Amino acid sequence: MTKAPITVFGGTGFLGTRIVRELFEAGHRVRIAARHPRLPDWAEPGDPLEPLVTDVRSEAEVGRALEGAGGAVNAVSLYVESAELSFDDIHVEGAGRMARLARTAGVETFVQLSGIGASPTSRSRYVSARGRGEAKVVEEYPKAVIVRPSVMFGAGDAFISRLAGLTRLPVIPLFGHGQTRLQPVHVVDVARAIARLLGANPPQRRLFELGGPDVLRYRDAVKLLQAQLERERPLLAIPFPLWHLAALLAAPLPGSPLTRDQVFMMSEDNTVGEDVGTFADLDILPRSLRDSLPDCLSTQASDSSSSE
């Protein structure tokens with residue numbers, strides 16, 4: 001294990017906060033690099049945690065965050081583009097910049113977070129940017145480790161909270177017939193995997209795909225939430241062309257709840273492929289969505305009540 005600090009870009013995000021904690025608990029010094037960095041709620045005075053203001057579009061700020069680091073993780077995420085930020089800015093140019101400066105700084109291990117299905121040829125602008133970002137990272141840092149999780153869940157996530165919201169409707173709309181296969185993975189398990197990759201004697205693989213133990217159709221995930229929440233509602237199949245039309249109509253709205261990228265992603269399976277590193281290579285037994293639902297839902301309920 002390196003004594004040099006590990007820099008976590010995006011260390012205040014949904015996954016980034018968990019990565020910071022797993023690294024800290026493994027005995028590492030951690031730099032939390034983000035545009036608006038902050039120490040986690042659980043941090044105590046004297047903990048080896050250093051918040052650093054870092055915009056991944058800034059050569060100087062990224063270089064400063066990597067100076068003297070023994071490892072680095074790119075957990076920066078952007079799911080919806082704006083006039084100020086594009087997918088290319090963050091997932092292609094930003095990722096390439098981090099990888100290049102990490103190699104220049106002599107960083108021993110660079111871990112790039114991506115997603116299952118990442119491909120430059122994807123119809124989704126987001127997924128395409130992820131795929132081009134992977135290629136850029138490997139070009140700049142040939143020994144980089146690419147980690148592709150399936151859809152992540154956990155306390156405060158978007159996946160479970162959105163499904164739970166749908167169960168309040170009188171009729172639950174499905175993407176197509178709800179046959180798209182998912183392999184939901186707990187965010188803490190992904191963070192633990194990354195900590196292992198930055199620890200002593202990691203597996204000598206360069207590509208990992210991380211999914212939970214259960215492969216579920218989208219409609220089955222919805223039914224699982226219905227059963228857990230005791231909200232039985234009829235399911236309505238809606239063809240994908242209608243979803244694309246709805247996304248186009250919603251696009252001008254601020255904070256649109258639906259984008260064409262989301263529709264494209266829901267039309268393709270999101271499961272672990274063959275000939276890739278998995279949790280098994282890291283000696284991690286991932287937890288299932290079914291077993292984790294009660295804790296995730298109770299945490300979201302308590303967060304909701306505390307904010308009222």
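Predicted model: local features only at pLDDT ≥ 70, side-chain atom pairs only at ≥ 80, totals over all residues.
## Overall fold

The chain contains ten helices and 13 strands. The radius of gyration is 19 Å, close to the 19 Å that the globule rule gives for 308 residues, so the chain is as compact as a globular protein of that length. Taken along the principal axes, the C-alpha atoms fill a box of roughly 55 × 40 × 35 Å.

Of the 308 residues in the chain, 49% are buried, and among the contacts between residues at least 6 apart in sequence, 75% join residues at least 24 apart. The chain exposes about 14800 Å², of which carbon and sulfur atoms supply 52%.

## Charges and salt bridges

The chain has 34 positive and 37 negative side chains, and the centres of these two sets lie 2 Å apart. Side chains of opposite charge can pair when their charged atoms come close. The structure holds 15 salt bridges, including the one between Glu 50 and Arg 31, with a distance of 3.6 Å from N to O. That pair links distant parts of the chain, with Glu 50 in strand β3 (residues 49–53) and Arg 31 in strand β2 (residues 30–34), 19 residues apart. Glu 50 is partly exposed at 38% relative accessibility, whereas Arg 31 is buried at 11%.

A salt bridge also joins Arg 97 and Glu 59, whose closest N and O atoms are 3.4 Å apart; here the link runs between helix α3 (residues 87–104), which holds Arg 97, and helix α2 (residues 59–66), which holds Glu 59, across 38 residues of sequence. Arg 97 counts as buried, with 17% relative accessibility, while Glu 59 is partly exposed, with a relative accessible area of 38%.

Arg 181 forms a salt bridge with Asp 269, the closest N and O atoms being 3.3 Å apart. Because Arg 181 lies in strand β9 (residues 181–182) and Asp 269 in the loop between α9 (260–266) and α10 (289–306), the pair ties together parts that are 88 residues apart in sequence. Both partners are partly exposed, Arg 181 at 38% relative accessibility and Asp 269 at 41%. Elsewhere, salt bridges that share partners join Glu 59, Arg 97 and Arg 100 into one network.

Terms used. Residues numbered from 1 in each chain as written. Heavy atoms only, no water. Helix = DSSP H or I, 4+ residues; strand = E, 2+ residues; numbered from the N terminus. Rg over C-alpha atoms; globule rule 2.2 N^0.38 Å. Buried < 20%, exposed > 50% of the residue type's maximum accessible area, 1.4 Å probe, protein only. Contact = heavy atoms within 4.5 Å. Areas by Shrake-Rupley, 256 points an atom, 1.4 Å probe, with all protein chains shown as cover. Lys, Arg positive; Asp, Glu negative; His and termini not counted. Charge placed at Lys NZ, Arg CZ, Asp CG, Glu CD. Salt bridge = Lys/Arg side-chain N within 4 Å of Asp/Glu carboxyl O.
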